[in-house]
Amino acid sequence: MTDALKRLSDEGVAIWLDDLSRKRITSGNLAELIDQQHVVGVTTNPSIFQKAISHGDGYEQQLTDLATRKVTVDEAIRMITTADVRDAADILRPVFDATDGQDGRVSIEVDPRLAHRTHATIAEAKQLAWLVDRPNTLIKIPATKAGLPAITEVIGKGISVNVTLIFSLERYREVMDAYLAGLEKAKAAGLDLSKIYSVASFFVSRVDSEIDKRLDAVGTDEAKALKGKAALANARLAYEAYEEVFSSDRWAALDKVRANRQRPLWASTGVKDPAYKDTLYVVDLVAPGTVNTMPEATLEATADHGEVTGNTIAGTYAQARAELDAVAKLGISYDDVVQLLEDEGVEKFEASWIDLLNSTEAELKRLAPSEG
């Protein structure tokens with residue numbers, strides 16, 4: 001084992017785990033990762049909960065109790081998932097306190113079926129914040145068009161937010177704008193901006209998966225030479241946008257009243273193509289003030305053989321632009337790719353949530369006590 005994770009942390013990258021299950025909580029594994037692997041946060045999503053609850057253990061007693069109470073399947077899912085997030089938040093509370101609220105965070109997502117409904121998303125975010133009832137929670141809101149005004153409204157109420165499913169540079173700028181607008185609303189309402197936090201989850205590997213497929217279809221040597229470059233280029237230009245927005249006059253006015261920057265969070269950092277190094281979306285996206293949330297396999301790979309060589313984003317913007325331009329010149333539409341990925345991202349999370357509802361409903365029926 002190298003101490004690559006410590007070096008990564010020393011470079012200003014917050015290491016979060018992209019996974020959660022009850023077994024991970026009760027076995028002491030999460031506490032061990034915090035203590036030994038520099039993990040300072042946890043992200044969840046509907047697919048993670050679907051896997052944990054449908055295939056994991058540790059849930060039967062709670063499911064039995066819920067079945068006895070005859071709760072609806074939607075209520076059961078929220079009782080189970082918020083219990084896990086609450087317990088994880090308690091384990092991470094010392095990190096939260098030590099970092100003045102910057103890290104030690106656990107994210108939980110609004111019902112993905114609400115991704116295109118602004119007011120329902122706002123209501124769900126408020127309900128989740130109330131249900132979990134921990135100051136170190138982040139409520140995840142997807143960066144759909146309908147999600148943008150919801151982000152502003154929820155931040156404006158003083159609720160910290162993880163904005164998820166960001167693929168495009170244009171949408172990322174809209175997300176930062178929504179966050180600043182929310183802070184301005186919170187300021188007007190007299191709230192303490194130093195208590196409001198946010199991260200913007202910019203998805204990485206899925207961009208390569210889609211663009212590489214299109215480059216293969218083009219089939220030329222020029223196209224093949226561009227494989228594995230678009231995702232890093234896209235993320236690096238997102239960091240450039242972050243630097244611009246958080247050095248603006250608009251930000252300066254909020255900074256004066258102790259507002260917190262919305263940190264870029266690199267999501268979808270597990271490598272999908274085995275031809276690429278398994279630490280690609282970690283060691284090539286090192287910059288201060290970022291978060292990298294990793295599935296456990298990526299975390300272990302980075303700990304084992306990750307080569308952290310300092311800031312790998314600074315000085316890359318011209319090259320990144322040239323690489324995305326070269327992809328466009330081959331007839332591959334950036335706008336088409338990022339819209340497809342957003343649509344697919346919402347659909348995948350919704351499908352996972354529906355699978356979770358169905359499997360949980362079956363368990364509630366199986367565990368329900370017989371009448372009499």
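Colleague: Let's start with a strand: which residue in E3 is the bridge partner of Gly 41?
Modeller: That's Arg 105. Keep in mind that this is a predicted model.

Colleague: OK, and how many bridges join E2 to E3?
Modeller: There are 2 bridges between strand E2 (residues 39–42) and E3, and the two strands run parallel.

Colleague: What about E3 and E4, are they parallel or antiparallel?
Modeller: Parallel again: 4 bridges join E3 to strand E4, which covers residues 137–142.

Colleague: What do E3 and E4 make together with helix H7?
Modeller: A right-handed β-α-β unit, with H7 (residues 118–132) as its helix.

Colleague: Back to E3 itself. Is it mostly covered or exposed?
Modeller: Mostly covered, since 5 of its 5 residues (105–109) are buried, and buried means under 20% relative accessible area.

Colleague: Which residues sit on which side?
Modeller: Arg 105, Ser 107 and Glu 109 are on one side, with Val 106 and Ile 108 on the other, and they're all buried. In a regular strand, side chains alternate between the two faces of the sheet.

Colleague: Switching topic: how many residues does the largest nonpolar core have?
Modeller: It has 125 residues, and Tyr 172 and Leu 183 have the most contacts inside it. Helix H12 (residues 230–245) gives this core its largest share, 11 residues.

Colleague: What does Leu 183 touch?
Modeller: Skipping residues up to four places away in sequence, Leu 183 touches Ile 155, Leu 193, Ile 196, Trp 251, Leu 254, Ala 259 and Asn 260.

Colleague: And Arg 171, where does that lie?
Modeller: In helix H9, residues 169–188.

Colleague: Why does Arg 171 count as buried?
Modeller: Because its relative accessible area is 9%, and the cut-off for buried is under 20%. Leaving out neighbours within four places in sequence, Arg 171 is in contact with Ala 143, Thr 144, Lys 145, Leu 148 and Glu 342.

Colleague: Last one, H10. How far does that helix reach?
Modeller: H10 (residues 205–218) has 14 residues and reaches 20 Å from its first C-alpha to its last, close to the 20 Å expected at 1.5 Å a residue.

Colleague: Which of its residues are buried?
Modeller: Ser 205, Arg 206, Val 207, Asp 208, Glu 210, Ile 211, Asp 212 and Leu 215.

Colleague: And what follows H10?
Modeller: Gly 219, whose phi is positive, near 80 degrees.

Technical notes: Residues numbered from 1 in each chain as written. Predicted model: local features only at pLDDT ≥ 70, side-chain atom pairs only at ≥ 80, totals over all residues. Heavy atoms only, no water. Core = buried A, V, L, I, M, F, W, Y, C linked by side-chain atoms within 4.5 Å. Buried < 20%, exposed > 50% of the residue type's maximum accessible area, 1.4 Å probe, protein only. Contact = heavy atoms within 4.5 Å. Pairing = 2+ DSSP bridges. Right-handed = clockwise from strand over helix to strand, strands pointing away. Expected span 1.5 Å × (residues − 1).
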